[in-house]
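Hi everyone, thanks for coming.

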Amino acid sequence: MVLGIVTTAIGHEIVQHSHTQVTHPSWLATILGGPALFLVGRARLEHLVFARVSRRRIVGIALLAAASPLMGRVSPLATATTAAAAVLLLIAVLDWRSAAGKPPQVPSPPG
């Protein structure tokens, strides 16, 4: 998760300094790869703590990968907002709705 956060921060720097240019492939890998790495880390954490993997994270990673060919034609700002931020926001909202009114989850592995 930390690597995803650091990569996302680097992507944020790219967006700040080159927001009007066309997104280069290496920029694209950073802007969309950071959130994807974060989702991979979060899925791994869920697996270790709760002995399950949320399908939302897998779908989120797939959506980010599927968006990458399209985002190579737009600016880094559009890439960050329409793909990366939208996917992460969607997952957060779905998680929030799923957990609303339920007690906190108990870790699956004992101890």
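Let's start with helix 2 and helix 3. Their axes cross at roughly 170 degrees and come within 9 Å. Anything over 145 degrees counts as roughly antiparallel, so that's what helix 2 and helix 3 are to each other. Oh, and keep in mind that this is a predicted model.

Which residues bring those two together? On the helix 2 side you've got L28, L32, P35, A36, L39, V40, R42, A43 and E46, and they meet R57, G60, I61, L64, A67, S68 and M71 in helix 3. Sort that contact by class and you get 11 nonpolar residues, 2 polar and 3 charged.

Okay, let me zoom out for a second. The protein has 4 helices and 0 strands, and if you read along the sequence the pattern is α-α-α-α. The C-alpha atoms fill a box of roughly 50 × 25 × 20 Å along the principal axes.

Now back to helix 2, this time with helix 4. How do helix 2 and helix 4 pack? The angle is about 10 degrees, and the axes are 10 Å apart. Under 35 degrees counts as roughly parallel, so helix 2 is roughly parallel to helix 4. From helix 2, the residues here are W27, L28, I31, L32, P35 and L39, and across from them in helix 4 are P76, T79, A80, A83, A84, L88 and I91.

Next up is helix 1, residues 2–17, against helix 2, residues 25–50. These pack at an angle of about 150 degrees with their axes 7 Å apart, which means helix 1 is roughly antiparallel to helix 2. If you like handedness, helix 1 passes helix 2 in a left-handed crossing. On helix 1 the contact uses L3, G4, I5, T7, T8, I10, G11, I14 and V15, while helix 2 brings W27, T30, I31, G33, G34, P35, L37 and F38. By class, that's 10 nonpolar, 7 polar and no charged residues.

How big is the largest pocket? Its volume is about 280 Å³. There are 14 residues lining the largest pocket, and R52, D95, S98, A99 and Q105 are the closest to its centre. Helix 2 contributes at least two residues to that lining, and so does each of helix 3, residues 55–71, and helix 4, residues 76–99. As for the classes in the pocket lining, there are 7 charged residues, 4 nonpolar and 3 polar.

Terms used
Residues numbered from 1 in each chain as written. Predicted model: local features only at pLDDT ≥ 70, side-chain atom pairs only at ≥ 80, totals over all residues. Heavy atoms only, no water. Axes fitted to C-alpha atoms, helices over the stretch in contact; angles between N-to-C directions. Parallel < 35°, antiparallel > 145°, perpendicular 65-115°, else oblique. Left-handed = near helix turned anticlockwise from the far one by under 90°. Contact = heavy atoms within 4.5 Å. Nonpolar A, V, L, I, M, F, W, Y, C, P; charged D, E, K, R; others polar. 1 Å grid on protein atoms, 1.4 Å probe; cavity = no way out; pocket = protein on both sides within 12 Å on 5 of 7 lines; lining within 4 Å. Points joined across faces, edges and corners; volume = space filled by probe spheres on them.
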